[in-house]
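Here's a quick briefing on one protein model.

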Amino acid sequence: MSKQVNERILFWGSCFALITTAFTFAIRAGILPELGDQFGLSAEQLGFINSMWFLGFPISMVLGGIFYNSIGPKRIMQFAFVVHTLGIILTIYAGGYTLLLISTLLIGLGNGCTEAACNPMIADAYTGNKVDKMLNRFHMWFPGGIVLGSLISKFMTDFALGWQAQMWIIMVPTIIYAALFYGQTFPKPKLEEMRSLKENVKALGSPVFIFLFLCFALTAITEFGPQQWVNIVMSESGASPMLILALVTGLMAVGRFFAGPVVKTLGQPGVLLGGSVFAAIGIYMFSIFTGAMAYVAAVFFAIGICYFWPVMIGTAAKRAPKTGALGLSLLGAIGMFSTSIFQPIIGGWIDSARSTYADMGMSGSELELAAGQATLAQITVFPLILIVLFTIFYIWQKKSDRKTVDEMAQATAAAPNIAKAPDNV
């Protein structure tokens, strides 16, 4: 007799795996100046090291999606543990630039495996509205982990605890997720078609999936664009860029924890449309306000981007289910890839704005403020486009919602391998 799926243990294992991802994002950012000083690295070299994190992520997400059906989430997470551990240890004992590149790439691969395995696993372990609820609670640990990792890094740096010690901290959630996953039975896909890579590939032509794929590129840069450049574009705003980042990620974590009732009330298309409106307002407020009002803008921005990533994943899982793990992995991959592609574009906007305002006679903090606000005004175009696209999606899906829910209910009712998930997770 096969062992029953324990959704609670699998969910918490997934959360600690995502905390590992968040720690690698926050702590590595915190130790970057120390790495530059110790190894005599230029800013360009540090930039290439950082890019390995973003490169490894989509590579392993795509490969994980392709091989999900044949090897399963358990083996993908075993591989994630191996490369996470190797990446952390190689970073700690790195002797220079080349090994730091390799170690960061390994960590990026582990992070991508976490998304590739855990998103479809959670979608398969739960049914109905609980899919959205648990995906949001899973994804709350990325912003939540960033807040926690940033505070740990700042505390250890303030107390002169070296960057090697900070890297060892990342091993804590890594070991915990490995221990939680050990010996567990993992759920199988709900629909028979979801278990076939051939059927997954065919389903990628679904109009809903194509629409979500294109939108994901815009939701990802709307979320990560302002956050990646917050230190530069907000440096002269009269508000603390790091406090703004902490406020945004903290509110995102809280919002995702309570996502279940929000998604149930507004529906997936409604949440995505509302998020686009709040994100546009928040970024525009960043572009015109300074001082205390920048924190108000941060609240609007956090509400806007809070549900983008998990609800997009949940929407694909429920409205294009036959794409399976491959579809969910491709969505995450295009999100990270678009973030990477748009980074130099945003950098170019900053350089151009600086040049323009310098020609107008501005200098110093006045120049930096004007350039930062002009850049944020340009970034507003992303959520404005999303408002149009998600309005179309809302009208389009409103008619098909009842049919979709009925079909999924019939399909999941016939799946004997999924035990009923407890409501008090």
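This is a predicted model: local features need pLDDT of at least 70, side-chain atom pairs count only at pLDDT 80 or more; totals for chains, interfaces and linings use all residues.

Residues are numbered from 1 along each chain as its sequence is written, and side-chain values use heavy atoms, with hydrogens and water left out.

**The core**
- Met 77 is also one of the residues with the most contacts inside the largest nonpolar core, which has 112 residues.
- A nonpolar core here is a set of buried Ala, Val, Leu, Ile, Met, Phe, Trp, Tyr and Cys residues joined through side-chain atoms within 4.5 Å.
- Buried means under 20% relative accessible area, exposed means over 50%, and partly exposed is in between (1.4 Å probe, protein chains only).
- Helix α1 (residues 7–39) gives this core its largest share, 14 residues.
- Helices are DSSP runs of H or I with at least four residues, numbered from the N terminus.

- Thr 174 lies in helix α6 (residues 163–181), and it counts as buried because its relative accessible area is 0%.
- Leaving aside neighbours within four places in sequence, Thr 174 touches Thr 20, Phe 81, His 84, Thr 85 and Ile 88.
- Ser 240 sits in the loop between α9 (230–233) and α10 (241–257), and it counts as partly exposed because its relative accessibility is 26%.
- Ser 240 and Ala 294 are 54 residues apart in sequence, yet 9.2 Å apart in space, C-alpha to C-alpha.

**A bent helix and a straight-length one**
- Helix α11 (residues 259–288) spans only 30 Å between its end C-alpha atoms, while a straight helix of 30 residues would span 44 Å.
- The expected span is 1.5 Å times one less than the number of residues.
- What happens at Gly 267? There α11 bends by about 100°, with a proline, Pro 269, following within four residues.
- That bend is the angle between axes fitted to the seven residues ending there and the seven starting there.
- Helix α15 (residues 364–379) has 16 residues and should span 22 Å; its end C-alpha atoms are 23 Å apart, which agrees.
- Buried residues in α15 include Leu 367, Ala 370 and Ile 379.

Conventions
Helices (H or I, at least four residues) and strands (E, at least two) are DSSP runs, numbered from the N terminus. Contact means heavy atoms within 4.5 Å.
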